[in-house]
Each structure stands twice: as structure tokens, then as C-alpha cells.
Amino acid sequence: MDFADASQRATEVVESVSDVVVTRQPFVETVVTGVVAGGHVLLEDVPGTGKTLTARALATALGLEFSRVQFTPDLLPADVTGSYVFNERDREFEFNPGPVFGNVVLADEINRAPPKTQAALLEAMEEGQVTVDGETHDLPDPFLVIATMNPIEQEGTFPLPEAQIDRFHLKSSIGYPDPDREVEILDRRAERDDDTPTAWQVLTPDDVRELQAVPERVTVDPDLRTYMTRLAQATRQHPQVDVGVSPRGTQRLFELSRAHAVVQGRDYTTPDDVREVAQPTLAHRLVLTADARVNDISRASIVDEVLDEVPVPTVRR
């Protein structure tokens, strides 16, 4: 798959999802960029804004198998990964795969499950495999986790461990639609007989694998790599940040910048690519100081500060 074809395919996926989810196009483009980078996505927003619908529409557009896990306080790790069950006919234990064995896995309200269950996803997200009773099982390829969180309802929830948050390539939110878009939602509902719209398939699993291989051929200028590193280091030195962006986060910034270039149809990365993906890639990785939290300083504002302060390199093509 060449760069022009990859960009066209990614654009068609964006259009397919946008036909179902009435929201800002940059949001859909950000999620699709995460897919192109082969990454996992965390969506934090209030109920009813279309998080689950986005995951389903994306799976359909990509032509991938969709699986959903509803996280609850009593959910066990085996409910996610699967377990061994005794086969009476063969008189032996056999592995019964859990819902994590899908191409696109929706971890709905992930912060409602206890840490032990949340940790069941760590190996899956990082290694593309799960280990049950000492046996390792490979997950399908492609494999993508889309997790959702509700930022306003904290009763009965558990804080998402920093190690878990760091596994997500990017974090984004849909937000409330403006009045015109909300009217469009009603207009679309009036034109169909069921309450759930359906996206149209754009790709096949083989196409997705080819698309995700394209960013590996994108050129990233050495000065631009230094720029990414300086952005990450600036977050670590910020006075209102306890823990800045990890080296894993710097690598994710590199990967998502390349993927953004692919979506734009280019075989090289520019500073604009880095700046476009910086917020969804870096902000959720920051751990703020107690003083910053008391004063309602947002992670996004700190990333904005860093982007303003770190000199942007001149990259010539």
C-alpha cells in the first residue's frame, strides 16, 4: 500500500465513522490516526455522547471483529482473558477465550473494575497476548483496545493505574455537540427505523495490517526527533508536574506523528504533525502536583505551555 492509497483509505474510514457519529471531524481523525499507528485509545466523556457508538462504527469500518467488556466492580480477570474449563467428553481442560480475544475490544467504563481486573489488560495491550494458568495465548492481529471512562461519576470507581494509562497511545473526548449538530442527530434518527445507525465497511483485516505498516516507511528528520524529546523533557521539568512524559510516551509521540503524516498523504513528518498529536498523546501521561490539582490546572494547559516554550525546528523537504 503506497502513501496516497493509505491516506485515501484512512479518509474513507473517517467518513464512514462520521456518517454514524455526529461529532467534530478532528476527533474522528485523531482516533483513526491512533488506529493507523497500531495504538490503543482512551475515551473520557460524559454518558450519551457516542463513545460506544464510535467503537462499534470503527470496528465495522475497519472490517474487524468487535468485542465488548462491561467493566463492573465484581468483574474478575478471567472474565476478561478467559479461563480453562473441563471438557467432559475429552476428559481434559481446554481454554475458553474471553472477550479480549477480538480485533476491536471495547473496555466500557474501565475504571469501574478493581485494579486486579484492570491489570488483566496490561499484558494484552503491551504484548498482544494473555497468560492464563502459565500458558500464553496470542491475541488476534490486528488488536485494538478502545476504553471509555466517565469523568463525572466517581462513586464505585477505581483510579486507573498510571501504568495502565501509559499503555494508551492517546486519550480524547467527543464532547457535547453544538446546536446544529444536535439537530442533525435528531434528523438522522427520524430518517431510520432503528435507534442505532450502522457504518459501512471500508477495509478488511489484511487492509488494516497493510495500513498499519505504512508509517514504518515515513521519514522523521533528526531535528524533529530531538524536538519530540525536548517536549517530553519539558513536561518532566515543569513545576506543576510530579511525573512527566515517560520514554514510552516519547515513542508514542513519534509513532503517532508518523501516522498523522500518513493520514495526510505524506511520506515525511513535519512539526505540524507533532503539534497536532501532542495533546492527545502527552496530556494523559502527566501526573500533576497537589498544588496544581487544588488550583484546577489542567494537563492540557501544561502541554500547551510546553508547545509554546520549546523552539520548533525548521524541517526542509
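**Figure 1. Helix 2 and helix 11 cross in a right-handed sense.** This close-up comes from a predicted model. The two axes lie 8 Å apart, and helix 2 packs against helix 11 at an angle of about 110 degrees. An angle from 65 to 115 degrees counts as roughly perpendicular, so helix 2 is roughly perpendicular to helix 11. From helix 2, the contact draws on Thr 33, Gly 34 and Val 36. From helix 11, it draws on Leu 256, Ala 259, His 260, Val 262 and Val 263. Sorted by class, these residues are 5 nonpolar and 3 polar, with no charged residues.

**Figure 2. Helix 2 also packs against helix 3, with axes that come within 12 Å.** Helix 2 spans residues 25-36 and helix 3 spans residues 51-62. Their axes cross at roughly 55 degrees. Helix 2 and helix 3 are therefore oblique to each other. The crossing of helix 2 past helix 3 is right-handed. On the helix 2 side, the contact is made by Phe 27, Val 31, Val 32 and Val 35. On the helix 3 side, Thr 54, Leu 58 and Leu 62 take part. The class count for this contact is 6 nonpolar and 1 polar, with no charged residues.

**Figure 3. Helix 11 packs against helix 12 with axes 9 Å apart.** Helix 11 covers residues 247-263, and helix 12 covers residues 271-282. The packing angle is about 135 degrees. Helix 11 is therefore oblique to helix 12. The crossing is right-handed. Helix 11 supplies Gly 249, Arg 252, Leu 253, Leu 256, Ser 257, His 260 and Ala 261. Helix 12 supplies Asp 273, Val 274, Glu 276, Val 277, Ala 278, Thr 281 and Leu 282. By class, the contact has 7 nonpolar, 4 polar and 3 charged residues. Leu 256 and His 260 also meet helix 2, in the contact of Figure 1.

**Figure 4. The largest nonpolar core holds 65 residues.** Which members touch the most other members? They are Val 13, Val 17, Val 32, Leu 58, Leu 62, Ile 146 and Leu 231. Val 32, Leu 58 and Leu 62 also belong to the contact of helix 2 with helix 3. Take Leu 62 as a centre for the view. With neighbours within four places in sequence left aside, Leu 62 is in contact with Val 13, Val 35, Leu 203, Thr 204, Pro 205 and Val 208. A second, separate core has 25 residues, including Val 69, Val 100, Val 132 and Val 145.

**Figure 5. Arg 56 is a partly exposed residue of helix 3.** Its relative accessibility is 38%, so Arg 56 counts as partly exposed. Residues up to four places away in sequence are not counted here: beyond them, Arg 56 touches Phe 66 and Arg 68. Val 20 is 36 residues from Arg 56 along the chain. The C-alpha atoms of Val 20 and Arg 56 are separated by 9.8 Å.

**Figure 6. Glu 126 of helix 6 touches three arginines, Arg 167, Arg 248 and Arg 252.** Residues up to four places away in sequence are again not counted. Helix 6 runs over residues 120-127. Glu 126 has 31% relative accessibility and so counts as partly exposed. Phe 168 is 42 residues from Glu 126 in sequence, and their C-alpha atoms are 9.4 Å apart in space. Arg 252 also takes part in the contact of helix 11 with helix 12.

Figure 7. Most residues other than glycine have a negative phi, and most peptide bonds are trans. Asp 133 sits in the loop between strand 6 (129-132) and strand 7. Is Asp 133 buried or exposed? At 64% relative accessibility, Asp 133 counts as exposed. Asp 296 also has a positive phi, near 55 degrees. Asp 296 lies in the loop between helix 13 (290-294) and helix 14 (299-309). Its relative accessible area is 68%, so Asp 296 is exposed. The peptide bond from Asp 141 to Pro 142 is cis, with omega near 5 degrees. Pro 142 belongs to the loop between strand 7 (135-138) and strand 8 (144-149).

Note on methods:
Residues numbered from 1 in each chain as written. Predicted model: local features only at pLDDT ≥ 70, side-chain atom pairs only at ≥ 80, totals over all residues. Heavy atoms only, no water. Axes fitted to C-alpha atoms, helices over the stretch in contact; angles between N-to-C directions. Helix = DSSP H or I, 4+ residues; strand = E, 2+ residues; numbered from the N terminus. Parallel < 35°, antiparallel > 145°, perpendicular 65-115°, else oblique. Left-handed = near helix turned anticlockwise from the far one by under 90°. Contact = heavy atoms within 4.5 Å. Nonpolar A, V, L, I, M, F, W, Y, C, P; charged D, E, K, R; others polar. Buried < 20%, exposed > 50% of the residue type's maximum accessible area, 1.4 Å probe, protein only. Core = buried A, V, L, I, M, F, W, Y, C linked by side-chain atoms within 4.5 Å.
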